[in-house]
Amino acid sequence: MFRKFLDALRRFMYGRYGADQLYFALIIIFFVLSVVNSFIDSIIIAVIQIAIFIWAMCRYLSKNIYKRREENRKFLGIWQKFKGFFTYARDKFRDRKVCRYRKCKHCHAALRLPIKKGKNSVKCPRCGKSFKVNIWI
Ligand SMILES: [Zn+2]
């Protein structure tokens, strides 16, 4: 009986997209909204929750694998920028007694500089151009 059910499920899922990072992100957002909505009890959040769940399920069961992969790739690009922003902020805070972070004026690379108060000349290791930075504290 159980084996028959598993075979039927396997046949049903054949050629379908399944789960990916965007799917898990949507499910996490769905559960976070569930918790939030248990306190607020808003109809708007409930509608958003249902829309997110339907979107996640449609993606999971979709047979257009190429399009779902593209969506996931875009999501991962946005996620990397989001994550990079917080990683940079965390590193700046963690190293606040040892060094200062500045962006290169030419290529916008993050530079980790020792604390030397005053105006300093810095050479960017990525683009090789020199520029002045001012470290006050
Ligand atoms: Zn540079």
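The dialogue below sets computed values against their definitions.

Mentor: Please note that this is a predicted model, in which local features need pLDDT of at least 70, side-chain atom pairs count only at pLDDT 80 or more, and totals for chains, interfaces and linings use all residues. Residues are numbered from 1 along each chain as its sequence is written, and side-chain values use heavy atoms, with hydrogens and water left out.

Trainee: What makes an atom a protein donor of the zinc ion?

Mentor: Donors are N, O and S atoms within 2.8 Å of the metal (3.2 Å for Na, K and Ca); water is not among the atoms, so sites may look incomplete. The SG atoms of Cys 104, Cys 107, Cys 124 and Cys 127 lie 2.3 Å from the zinc ion and are its protein donors. Along the sequence these donor residues follow the spacing C-x2-C-x16-C-x2-C.

Trainee: Which parts of the chain does the pair Cys 107 and Cys 127 tie together?

Mentor: Cys 107 is in the loop between β1 (99–103) and β2 (110–114), and Cys 127 is in the loop between β3 (118–123) and β4 (130–135), so the pair ties together parts that are 20 residues apart in sequence. Helices (H or I, at least four residues) and strands (E, at least two) are DSSP runs, numbered from the N terminus.

Trainee: Why is the arrangement around the zinc ion called tetrahedral?

Mentor: Four donors count as tetrahedral if all angles lie between 85 and 135 degrees. The four donor atoms here subtend angles of 104 to 116 degrees, and the arrangement is therefore tetrahedral. For reference, the ideal angle for four tetrahedral donors is 109.5 degrees.

Trainee: Why does Cys 127 count as partly exposed?

Mentor: Buried means under 20% relative accessible area, exposed over 50%, and partly exposed in between (1.4 Å probe, protein chains only). Cys 127 has 31% relative accessibility, so it counts as partly exposed.

Trainee: How does the span of helix α4 relate to the expected value?

Mentor: The expected span of a helix is 1.5 Å times one less than its number of residues. Helix α4 (residues 65–94) has 30 residues and reaches 42 Å from its first C-alpha to its last, close to the expected 44 Å.

Trainee: Which residues of α4 are buried, and what covers them?

Mentor: Arg 68, Asn 72, Phe 75 and Asp 91 are buried in α4. Their cover includes α2 (21–40), α3 (43–61) and β1, where contact means heavy atoms within 4.5 Å. By contrast, Lys 81, also placed in α4, has a relative accessible area of 69% and is therefore exposed.

Trainee: What makes the meeting of Arg 68 and Glu 71 a salt bridge?

Mentor: A salt bridge is a side-chain nitrogen of Lys or Arg within 4 Å of a carboxyl oxygen of Asp or Glu. The side chains of Arg 68 and Glu 71 meet at 3.0 Å, N to O, and form one. Both residues lie in helix α4, three residues apart, about one turn of the helix. Arg 68 is buried because its relative accessible area is 13%, whereas Glu 71, at 24%, counts as partly exposed.

Trainee: How many salt bridges does the structure hold?

Mentor: The structure holds nine. Among them is the bridge of Glu 70 with Arg 73, whose closest N and O atoms are 2.9 Å apart. Another joins the side chains of Asp 91 and Arg 94 at 3.4 Å, N to O. Asp 91 is buried at 16%, and Arg 94 is exposed at 53%. Salt bridges that share partners join Arg 90, Asp 91, Arg 94, Asp 95 and Arg 112 into one network.

Trainee: Why is Asn 120 called buried?

Mentor: Asn 120, found in strand β3, has 17% relative accessibility and therefore counts as buried. Leaving aside residues up to four places away in sequence, Asn 120 touches Phe 131, Lys 132, Val 133 and Ile 135.

Trainee: What is the phi of Asp 41?

Mentor: Asp 41 has a positive phi of about 60 degrees, although it is not a glycine. Most residues other than glycine have a negative phi. Asp 41 lies in the loop between α2 and α3, and its relative accessible area of 67% makes it exposed.

Technical notes. Four donors count as tetrahedral if all angles lie between 85 and 135 degrees; four count as square planar and six as octahedral if opposite donors are over 155 degrees apart and all others between 65 and 115; anything else is irregular.
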